[in-house]
Amino acid sequence: MKQALLFLYCLIFSIGTDAQIITGKVMNATTHEPLPFASVSIKNTTKGTLTKEDGSFTITVQGKDTELIFSSMGYISKVLKSRDVGEVYLEEKSNSLKEVVIFSVNPANRIIELAVQNKPLNDPEQRPSFRYEVYHKSIVSANIDSLNLHTKLGETLINNDLFINESYAIRKFIRPNLSKEIITGSRTSGTKSTLFSSLTPLLQLFGFYRDF
């Protein structure tokens, strides 16, 4: 019984003294930059670890002849004995994906292009008739480049509009070219003249489907 215990003690002691802590660093063979999160595993086992952000790692092995597998996505794996581990350089795979340049398309441009292509289909005046209610707002301001900003009038005009006209109207249309717009309400700020109100309907019949 004593001999069996002595043999077991010697076996455990020999195993414990054979364990070694290996440290090293995994790097790119071309740029010598560290490879973070590279895999360092003991061959034919499920034991292993990952490198840190600076490419360094620490792993415990049994004996100097233990084989370690070093691998990382996009790189050729390498197998080394623990006695030869220090700075480990991995070569990039030749079939790795090259840089791909993607040109983004502005969604607004796509919408505009499709709207232009479908103008004939969406033109409301291609229908037999239609009716809609509309709110108009017209703002008239002075040309800043032509103002003398050092005068009282110039200071007033640069900070204020000449007038603002708002109107509410109903438009009716019957093919081929019968169109009528009725102003049901209108107000103008900045002038008491009704001239601008009467001109408003003349400026409203332009849009996406007609040249103005």
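Reader: How many bridges pair β5 with strand β6, and in which sense?

Author: Four bridges, in the antiparallel sense, with β6 spanning residues 78–81. Two strands pair if DSSP finds at least two bridges between them, so β5 and β6 qualify. Strands here are DSSP runs of E (at least two residues) and helices are runs of H or I (at least four), numbered from the N terminus. Mind that this is a predicted model: local features need pLDDT of at least 70 and side-chain atom pairs count only at pLDDT 80 or more, while totals for chains, interfaces and linings use all residues. Residues are numbered from 1 along each chain as its sequence is written, and side-chain values use heavy atoms, leaving out hydrogens and water.

Reader: Which residue in β6 is the bridge partner of F70, and which residue of the hairpin takes a positive phi?

Author: K78 is the partner of F70. In the hairpin, which has six residues between β5 and β6, G74 takes a positive phi near 90°.

Reader: What makes strand β2 a partner of β5?

Author: Four bridges join β2 (residues 39–42) to β5, and these two strands also run antiparallel. I42 stands opposite L68 in β5.

Reader: Why does F70 count as buried?

Author: Its relative accessibility is 0%. Buried means under 20% relative accessible area, exposed over 50% and partly exposed in between (1.4 Å probe, protein chains only), so F70 is buried. F57, at 2%, counts as buried too.

Reader: And T60, why is that one partly exposed?

Author: T60 has a relative accessible area of 48%, so it goes into the partly exposed class. T60 is found in strand β4. Leaving aside neighbours within four places in sequence, T60 is in contact (heavy atoms within 4.5 Å) with A19, Q20, I21 and I42.

Reader: How many aromatic pairs does the structure hold?

Author: Three. In the pair of F57 and F70, the ring centres are 5.7 Å apart and the planes stand at 65°, so it is edge-to-face. The rule for Phe, Tyr and Trp (its six-membered ring) is centres within 6.5 Å, with planes under 30 degrees apart called stacked, over 60 edge-to-face and the rest tilted. F57 lies in strand β4 (residues 56–62) and F70 in β5, so this pair ties together parts 13 residues apart in sequence.

Reader: What about F130 and F173, what are their distance and angle?

Author: They sit 5.0 Å centre to centre, with 20° between the planes, and form a stacked aromatic pair. F130 is in strand β8 and F173 in strand β9, 43 residues apart. Both fall in the buried class, F130 at 16% relative accessibility and F173 at 3%. Ring pairs link F130, Y132 and F173 into a cluster.

Reader: In what order do the strands of the open sheet stand?

Author: The order is β8-β9-β10, with antiparallel pairing. β8 (129–140) and β10 (178–189) each have a single partner strand, so one side of each lacks a neighbour in the sheet and they stand at the edges. The twist averages 15° from one strand to the next, taken from lines fitted to C-alpha atoms, with angles from 0 to 180 degrees between N-to-C directions.

Reader: How many bridges join β9 to β10?

Author: Eleven, with the strands running antiparallel. In β10, T188 is the bridge partner of N165.

Reader: Is R171 buried or exposed, and what does its side chain make a polar contact with?

Author: R171 is buried, with a relative accessible area of 9%, and its place is in β9 (residues 163–174). Its side chain makes a polar contact with the side chain of E125 at 3.1 Å, and another polar contact of 3.1 Å joins it to the side chain of S179. A polar contact is a pair of N or O atoms within 3.5 Å; within protein, one must be able to donate a hydrogen and the other to accept it, and residues adjacent in sequence count only if both atoms are side-chain atoms.
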